[in-house]
Structures are given as structure tokens and as C-alpha cells.
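Here is a short briefing to read with the model open beside you. Take the topics in any order you like.

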Amino acid sequence: MGEMPVVPDPVALPWWSALLLPVLLGLATWATLVGDAALAGGRAALAAPGREAARLLVGQRRRTVAGDGVLGRIGGAVLPIAALLAAAVLPLGERPVADLSVGVVWFNAMEVMAWAAVWMVGWGSNSALGLVGGYRFVAQGLAYELPHMFAIITAALGAESLRLTTIVEAQQDMWFVVIMPVAFVVYLMSAAAMAFWGPFDAPVGPDVAGGAAAELSGVDRLVFTGGRWLLLVVAAAMAVPLFLGGGAGPFLPAWAWVAVKTAAVLALLLWLRHRFPTVRMDRYVEFAWVVLIPLTIAQALAVALVVLGGA
Amino acid sequence: MDVVLFWVLAAAALVFGYLVFRLDSMAQVTFALLASFLAVAALVLLLGLGYLGVVTALMMVIEMVIMAVFMIMFMMNPAGLMPMTMVHNKVGSAAIAIGTFVVLAAGILLVDWPTREGEPPPDPTFALGEALMGGQMLTMMTLGVGLFATIVATVVLSTDRGRYGDER
């Protein structure tokens, strides 16, 4: 106790990489969409995302009576922005766009913006079904966020740092997924839940006519849906530095390994979505609080003992 | 650059704070308050306190969303879509708010601030944790988890089953 940790020099990418980041994420999202369309059995999967985007771009925006346009629009726009900001600390290869000393907390802070965003979108249309969707997402957030926080903090605990590059370095000998499997599984579940992605897609479920997105059309829907996909890609990509050793791997350069691992995580999430039915929120809340939180705390304790024993 | 950013954020914090009392929708008021808090969080970041700033943003977003849900849930007009105002005693509350602001701002300007001695620590987050908890870190961590476990247990014990009563 009492000695200051040695703070490594920031190893961020040059400033222009910030401009490259949206392009990269966009491409990754596109690839995910193609994969999803292929899984859904579409024959023209390669063109499907482009066609859908074009359709939404020229589509008319729907207006509802006495809607709250300000909050609705802001909510939609916040989703992709939050995903991009969260991705700033994501090591693309060895280095992130911004190597923050509190990277894990930054990521967490950006992704909870989705709470506000989805609720605002649901509220904004002044439609009962939209509002139900927004409320469902808040309930889902209360269920996934605490186990999620314990899961990512366990990774930070294992590396004794909140800096993502340090967390990656700490996994040189052994990937964190090996010593913290529970945290990894919980992280994957919460990654799907934060992008309200199947089986956690109740906030935009068909039983409430699309829920939070019920009244969205045209550009509004494109921004909302695009932001949701971006969130999913960023959350999946973040599993790589947290649990899967970042860019570590033989033969290929670091960035290629990050891409391969991210694709693997995304493929798993896509498969889960097509494999499992939507989870009812009240069931999931109970499961999260009674089972997942104690499990993740026990996982954190186990990792803490390993860290203390090794020190 | 930092100075410009400071003034922009300070102005944003004030304007959004003012909007809290001007807007007539509960939802908009909540998120105006959130925007004001986020500007303050960015100001904390500007001070070089990375952890505090980011955690403030993280906590405030969650807190404000939950607050919006509860406030609207318990409002007299359903869903809070009817125009409303956050202020009951308009003149009195304005006087109190402006008075507090003037006193605090005057304090900032009038206090004889000490000059900085030494350098900021290499990791302010670590230094802050040390300063707050010192040798009691382990006690505090255990207490924290204990408290949290109590909260979870209480919620689990006190919730009734499902929306349709005892279904299981």
C-alpha cells in the first residue's frame, strides 16, 4: 500500500485514426449485417443491408400527434454517437484511438447512454407501444448493468488496471477467459442485452409492434437501427481486449487477430439470436439479481484471491 | 483551448440548469438536468480527474433515466404528457437559486487561493483512493460488498411474484 503505480506512457494511435474509426466500425457493422441476413436465409444477403439502408434513406419520416420530437431525435442520434465514443478506447490491434487510464469506466459510461437514448426514443413518439418498449429497456438495463459492471471490473481487477492496453498486456501468459469464464459469459449476455439484441430484444419486440422503434421510419429508423448494430459490434469487439487476449496470436498481425476474434464473438451472438426465443423482462431481472450478481461477485472474489496470491 | 472548453461547458451547465425550470415537460426537464450534470462531469475531466469525471457521467445517466421513469410514473396526470412546471414558488425559488449562485461565485472570486506546491500525482485516481481510504481500503471494499449484498437480498426478499400474483 502507498506506492504509486508506474503509469505507462499513453500509446494512443495518431489523431487521424479518430476519423478512421467510424469507417472501420461501419465496415464491421456491414459485415455483421450481411452475416445476419445470410443466417436469416436471405439469398441476396450481400446486398441486403445496402438495400435496406437505401429504402430507409428515401422513406418518409412519420410524425405522431403531440410527440416529443426533441427527445425522440436526440435519443436516436445518441445511440450511434455513444457506440463510437465507447469504441475510442478499443485497442485496434495494439493501440486504441484514445488510451485512457480509466478506459473500462469510459466504455461503461458511454454504453449506458443507450439507457437514456432508447427511453427517449420510446417516449418521443407519444405512442403507447413505443413507451412500453422504452420502459422495457430500462428494466432490462437494471437487469444487465450490475452483472455487466462486475464482469468488466473483474477483467480490470485481473490486470490491476482500468487501462485497456494494460489489461491486454496482463493476458500475455493466459487469456482472462480461462481464469474468469463466468465474467466472460455474463459479459457476452450483457453485450447482447445492451444492444437489445435477441434473446434480449423485448424492448423492440414484435409483441409490442416494435416497441421503442414502433413509430420510427425513414432516416430516424436508419439512425436508430444503425446505432443499435454499432453498439452490438462495439460491445462484441470489447470482449476481445477484456477477455480474449486482445491482438495476441501467432502468424497474423495484432489488428488481424482483433478482427478475427471480434468476428468470432459476433458470430456467436448472431447464432444465439437465431437460436433462442426472446426472454421476458421480469424473468430476466429476477435471474440477473438472484443468480448472475452473486455469481459475478464470487468470480470477482476468485480473481482477487488469484491476484493477491500472485503478488 | 482548455479555457475555451471551460467556458463553453460552464455556460452549458448553467443554461441546461436554467432550462430545468423553464421547460414544461417532465421528460425534457429530466434530460435537461442530465445534460447539466454531464457538462459538470466534463468540467471535472478538464481538471484532470479522469475517474471522477467519467464515473459522474456514468452514474448520472443511470440515475436520471431511473428518475424520469419514477417521476413520470407517480405524476398526477398520466405519463406526464400534460404541460407542467417544476417550480411552485416561482419568485422565491428564483431568489434562492440566484442568491446561492452569487454567494458561491463570490466565494470563488474572493477566497485567497493557495498556490500549488509540488506536482500532481502520476495517477490521480490511485492518489484519490489512497487519500480517501488509506489503510482502510480492504475494510471499505468488504463493507461495500456487504452493503451491496444486503441491498440485493432485501430486494429479492421483498419482491412479490410476477405481475399476476403467485404464478409459480
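Helices here are DSSP runs of H or I with at least four residues, numbered from the N terminus. This is a predicted model, in which local features need pLDDT of at least 70 and side-chain atom pairs count only at pLDDT 80 or more, while totals for chains, interfaces and linings use all residues. Residues are numbered from 1 along each chain as its sequence is written, chains are lettered from A in the order in which they are written, and side-chain values use heavy atoms, without hydrogens or water.

**An aromatic pair in chain A**

- Over all chains, the structure holds 11 aromatic pairs; rings of Phe, Tyr and Trp (its six-membered ring) pair if their centres lie within 6.5 Å, and planes under 30 degrees apart count as stacked, over 60 as edge-to-face and the rest as tilted.
- One of these pairs, Trp119(A) with Trp123(A), is stacked, at 5.3 Å centre to centre and 20 degrees between the planes.
- Trp119(A) and Trp123(A) are separated by about one helical turn because they sit 4 residues apart in helix H5 (residues 113-124) of chain A.

**Two crossing helices in chain A**

- Helix H6 (residues 128-159) and helix H9 (residues 181-194) of chain A have axes that come within 8 Å and cross at roughly 145 degrees; axes are lines fitted to C-alpha atoms over the stretch in contact, and angles run from 0 to 180 degrees between N-to-C directions.
- Contact means heavy atoms within 4.5 Å, and the residues making it include Phe137(A), Tyr144(A) and His148(A) of H6(A) and Val186(A), Tyr187(A) and Met194(A) of H9(A).
- By class, this contact has 10 nonpolar, 4 polar and no charged residues; Ala, Val, Leu, Ile, Met, Phe, Trp, Tyr, Cys and Pro count as nonpolar, Asp, Glu, Lys and Arg as charged, and the others, Gly among them, as polar.

- On a 1 Å grid over the protein atoms alone, a cavity is a set of points where a 1.4 Å probe fits but cannot get out, a pocket is an open set with protein on both sides within 12 Å along at least five of seven lines, and lining residues have an atom within 4 Å of a point.
- The second largest pocket holds about 1,200 Å³ of space, a volume being the space filled by probe spheres set on the points, which are joined across faces, edges and corners.
- Among the 31 residues lining this pocket, Ala13(B), Leu14(B), Gly17(B), Ala97(B) and Phe101(B) are the closest to its centre.
- The lining of the second largest pocket divides into 25 nonpolar, 4 polar and 2 charged residues.
- The largest cavity has about 40 Å³ of space, and its lining includes Gly48(B), Tyr51(B), Pro124(B) and Leu128(B).
- Helix H3 (50-73) and helix H5 (124-133) of chain B each supply at least two residues of that cavity's lining.
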